[in-house]
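Please keep the sequence and the model in view while reading the numbered points.

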Number of protein chains: 2
Amino acid sequence: MSGTTNIDRRSARRQETVAEIVAAAWELAREEGLTGLALRDLGARVGMKAQSLYSYFSSKHEIYDAMFLEGYLAFAEMVETTSAEEAGNGDPDALLRRAARGFVAFCTSDPARYQLLFHRTVPGFEPSPESWAVALAAYERSRQSLSTAGIDDQASFDLWTALVTGLAGQQIANDPGGDRWEQLVDPAVDMFRVHLRETANAEGEKA
Amino acid sequence: MSGTTNIDRRSARRQETVAEIVAAAWELAREEGLTGLALRDLGARVGMKAQSLYSYFSSKHEIYDAMFLEGYLAFAEMVETTSAEEAGNGDPDALLRRAARGFVAFCTSDPARYQLLFHRTVPGFEPSPESWAVALAAYERSRQSLSTAGIDDQASFDLWTALVTGLAGQQIANDPGGDRWEQLVDPAVDMFRVHLRETANAEGEKA
DNA sequence: GTCTATAATCTGATAGAC
DNA sequence: GTCTATCAGATTATAGAC
């Protein structure tokens with residue numbers, strides 16, 4: 001009787017614990033720096049010995065991988081929110097502004113996450129194919145959303161990502177907690193919009 | 001007889017060794033990652049026991065500090081080269097292009113250095129006041145140089161640094177060894193130039 | 001699934017001989 | 001100034017009892 005249910009319960013409990021561990025890992029990464037994360041501290045934070053973590057993850061890199069995955073799930077959610085039709089009643093300029101603000105806020109709200117997702121900073125760590133797939137899907141979703149705002153070629157999108165990661169990076173590195181670069185998000189979007197218009201014109205002239 | 005000379009010789013020899021250690025530290029940082037640098041490996045690389053490094057540096061952070069300092073000296077040199085009058089016969093647009101290309105090449109040629117100089121990625125490390133002074137001077141020199149190309153307010157310069165560090169960061173993280181974002185440097189400069197023209201117009205209209 | 005015990009190694013750093 | 005010796009502790013990770 002109810003063998004499956006017990007298994008479900010057990011795996012649900014397990015997933016809870018896994019999630020708790022990953023949450024604690026993020027906490028520690030924020031406090032100690034991404035590469036300062038230590039399994040001893042992590043175990044202590046969730047009320048376990050460090051060794052017990054190996055019941056849930058087979059290596060430290062696997063924990064980083066779970067963090068990476070979770071980070072990109074949060075990224076995807078942010079993309080979805082800023083892309084929402086209702087939020088901007090179809091105005092492409094408003095969409096661009098929302099996307100840029102959302103992205104920079106996403107980054108500055110968690111510098112450790114910004115580091116893990118957008119820079120290769122943990123020695124030896126490489127995301128698993130599964131996590132990469134999620135990252136890529138989120139990236140594609142973002143690209144698709146912004147294509148409706150006029151960013152419809154790869155080069156423009158690459159320039160866009162450089163611009164927004166650059167704003168976030170400068171804010172985090174040189175004015176943590178402040179808004180010196182966050183203030184520049186709207187001007188940067190204006191600048192980028194002119195660029196879009198000009199490249200569109202150039203295409204038109206060629207035709 | 002030549003007591004001072006002996007001291008000079010000795011301190012010169014010492015400086016040579018210090019420079020050798022820092023050079024080896026950069027090598028290792030490039031190979032193992034900036035935070036993967038270990039004193040044992042560093043000692044081995046220069047033909048010493050790790051403990052002997054303490055004759056030259058009193059802590060690991062002090063080595064990072066020397067790397068930081070050296071990095072900003074190289075940065076200053078790059079700024080000087082790209083700012084050179086001769087290199088662009090006074091054409092402000094050419095200066096902007098040279099500055100951007102020079103900066104991105106400076107970053108991509110050494111990702112570990114990019115990380116140390118422009119992101120806070122080593123847990124617990126903070127540059128000494130002396131090193132900060134050099135960094136700040138190089139920053140100011142860059143700002144001064146680019147002010148002759150029309151970047152004459154802080155906000156525009158901040159936007160500029162976000163743009164070029166962003167291009168470099170994306171190149172390093174997502175296409176190491178390639179040129180996907182490096183190709184976008186000139187288009188990015190064009191985009192930025194239009195921004196400069198527009199903000200200048202806006203200022204003019206206010207007056 | 002968590003523990004103890006511990007392996008095996010690496011960490012940065014110090015003391016003191018030469 | 002470099003060495004040996006070593007500290008004191010951290011690190012990730014495994015084996016096996018409960």
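1. In chain A, 67% of the contacts with a separation of 6 or more are made by residues 24 or more positions apart. Contact here means heavy atoms within 4.5 Å. The C-alpha trace of chain A spans about 70 × 45 × 30 Å along its principal axes.

2. A word on conventions is needed. This is a predicted model, in which local features need pLDDT of at least 70 and side-chain atom pairs count only at pLDDT 80 or more, while totals for chains, interfaces and linings use all residues. Residues are numbered from 1 along each chain as its sequence is written, chains are lettered from A and ligands numbered from 1 in the order in which they are written, and side-chain values use heavy atoms, with hydrogens and water left out.

3. Chain A contains 9 helices and 0 strands. These elements are DSSP runs numbered from the N terminus, helices being H or I of at least four residues and strands E of at least two. Of the 207 residues in chain A, 45% count as buried. Buried means under 20% relative accessible area, exposed means over 50%, and partly exposed lies in between, with a 1.4 Å probe and protein chains only.

4. T17(A) belongs to helix α1 of chain A and is buried, its relative accessible area being 8%. When residues up to four places away in sequence are not counted, T17(A) touches M48(A) and Y56(A). G33(A), by contrast, sits in the loop between α1 (3–32) and α2 (39–45) of chain A. Is G33(A) buried or partly exposed? G33(A) has a relative accessible area of 22%, so this residue is partly exposed. A distance of 17 Å separates the C-alpha atoms of G33(A) and A168(A), which are 135 residues apart along the chain.

5. The expected span is 1.5 Å times one less than the number of residues. Which residues of α7(A) are buried? They are S131(A), A135(A), A138(A), S142(A), S145(A) and L146(A). Around the axis these residues cover an arc of only 100 degrees, so they lie on the same side of α7(A). The arc is taken from the directions that run from the helix axis to the C-beta atoms. An α-helix has 3.6 residues a turn, so residues three or four places apart point the same way. The buried residues of α7(A) pack against α3 (60–83), α5 (92–108) and α8 (154–174) of chain A, whereas P129(A) and E130(A), on the other side of the helix, are exposed.

6. In chain B, residues 129–147 form helix α6, which has 19 residues and reaches 26 Å from its first C-alpha to its last, close to the 27 Å expected at 1.5 Å a residue. The buried residues of α6(B) are S131(B), A135(B), A138(B), S142(B), S145(B) and L146(B). Viewed down the axis, they fall within an arc of 100 degrees and therefore line one face of α6(B). Their cover includes α3 (60–83), α4 (92–108) and α7 (154–174) of chain B. On the other side of α6(B), P129(B) and E130(B) are exposed.

7. DNA strand C is surrounded by 15 residues, and the closest are Q51(A), S55(A), Y56(A), A38(B) and R40(B). A residue is near a strand if one of its heavy atoms lies within 4 Å of it. The nearby surface divides into 6 nonpolar, 5 polar and 4 charged residues. Here Ala, Val, Leu, Ile, Met, Phe, Trp, Tyr, Cys and Pro count as nonpolar, Asp, Glu, Lys and Arg as charged, and the others, Gly among them, as polar. Of the atoms of DNA strand C within 4 Å of the protein, 55% belong to sugar or phosphate and the rest to bases.

8. How far is a polar side-chain atom of Q51(A) from a base nitrogen of DNA strand C? The separation is 2.6 Å.

9. A polar side-chain atom of Q51(B) is 2.4 Å from a base nitrogen of DNA strand D. A polar backbone atom of L39(A) lies 3.1 Å from a phosphate oxygen of DNA strand D.

Key. Polar contact = N/O pair within 3.5 Å; in protein donor to acceptor, adjacent residues only side chain to side chain.
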